[in-house]
Amino acid sequence: MALVTSKEMLQAALEGHYAVGAFNANNMEQVQGIVGAAVEERAPVILQVSQGAIRYAGLEFAAALVKTAAAEADVPIVLHLDHGTDFEQNVRCLRAGFTSLMYDGSKRPYEENVAITSRVVEIAHICGIPVEAELGQVLKASDGVTEEEVIAAMTDPDQALDFVQRTGCDSLAVAIGSVHAMKEAQAELDIERLKAIHAKVKIPLVLHGSSGVKEESEAEAIQYGIAKINVATMLNQAFVRGLKKAMEELPDNVDPRKWLVYSREEIKEVVRHKMRLFGCSGKVTASGFVSPKTVHPAVKLGDAEE
Ligand SMILES: [Zn+2]
């Protein structure tokens, strides 16, 4: 089926108290592993293109991989930009056919984040495409962050309400204790803070850096507004694990495909496990996940009047 936007997919997740997995992909085997898992689990899925993926594969190439996979799959798939760096990149992705955008102004001063997010939202909504924004900062483990820094960068619930009202963003990435690129699941989320944000902000909330979060904590967060969970590091680890296993089992092999199928399979298993944990398995019904409401008003057919 064709790509869908993340608007209704995340709204359904929020209302149904489950989360949709947003998985990062850089190459064909990763895309196929993720989509294969979604088809087997009957789960809606978001495939996202990171800044690293854009540098590695190129924007158009990465988008084409996801579009091709979506055309062949019978589950709803979103093509999402992860951590969009500026207004211009969001416009380029809009043109390239992305069905969900993100502008990450979390490192900028608050007013600048509000201003640029608002511009991205304005242009994306003209095309019926939703926008994720970020407030507070989800830091990166490779930058050697301390616990104090993680706490200081957390999202303020009152500011979140002001931000969402002023920008009109469709979903919000919140900093509640997770850190990007952690190699082990050790972090616990600040659930009280999440509850306070969820009480004020009624849109779907997004958890970044989930590979470093304990699974019990992730499951709890889904009950308080987390409707999209990003998974990247864990998939990279799965890819490498599969490759190492293949090289051990088939040391004399000279056909890369015989090794890469191990990686693809390993990714598929990790994604299936996450989909069950997030509660999005089985959410695609026989009649399809997406209702006619999904079509944005801007692209609905009008009456036959002058
Ligand atoms: Zn992130």
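The face of helix α9 turned away from its buried side carries the exposed residues Glu192 and Ala199. Helices (H or I, at least four residues) and strands (E, at least two) are DSSP runs numbered from the N terminus. This is a predicted model, in which local features need pLDDT of at least 70 and side-chain atom pairs count only at pLDDT 80 or more, while totals for chains, interfaces and linings use all residues. Residues are numbered from 1 along each chain as its sequence is written.

Helix α9 covers residues 191–200, and its buried residues are Arg193, Leu194, Ile197 and His198. Seen down the axis of α9, these buried residues fall within an arc of 135°, so they line one face of the helix; the arc is that of the directions from the helix axis to the C-beta atoms. An α-helix has 3.6 residues a turn, so residues three or four places apart point the same way. The cover over the buried residues of α9 includes α8 (157–167), β6 (171–174), β7 (205–207) and α10 (215–222).

The largest nonpolar core has 91 residues, of which Ile34, Val45 and Leu172 touch the most other members. Such a core is a set of buried Ala, Val, Leu, Ile, Met, Phe, Trp, Tyr and Cys residues joined through C-beta atoms within 7 Å. Helix α4 (residues 59–72) supplies the largest share of this core, 6 residues. Not counting residues up to four places away in sequence, Leu172 touches Ala133, Leu135, Ala160, Val164, Val201, Ile203, Leu205 and Val206. Two residues are in contact if their C-beta atoms, placed from the backbone, lie within 7 Å.

Gln51 is in helix α3 (residues 51–57). Gln51 is partly exposed, with 14 other C-beta atoms within 10 Å. Leaving aside neighbours within four places in sequence, Gln51 is in contact with His83 and Thr85. Ala71 lies 20 residues from Gln51 along the chain, and their C-alpha atoms are separated by 24 Å.

The protein chain as a whole has 12 helices and 8 strands. Its radius of gyration, taken over C-alpha atoms, is 19 Å, close to the 19 Å that the globule rule (2.2 Å times the number of residues to the power 0.38) gives for 306 residues, so the chain is as compact as a globular protein of that length. Of the 306 residues, 50% count as buried. Among contacts between residues at least 6 apart in sequence, 73% join residues at least 24 apart.

Key
A residue is buried if 20 or more other C-beta atoms lie within 10 Å of its own, exposed if 12 or fewer, and partly exposed in between; C-beta atoms are placed from the backbone.
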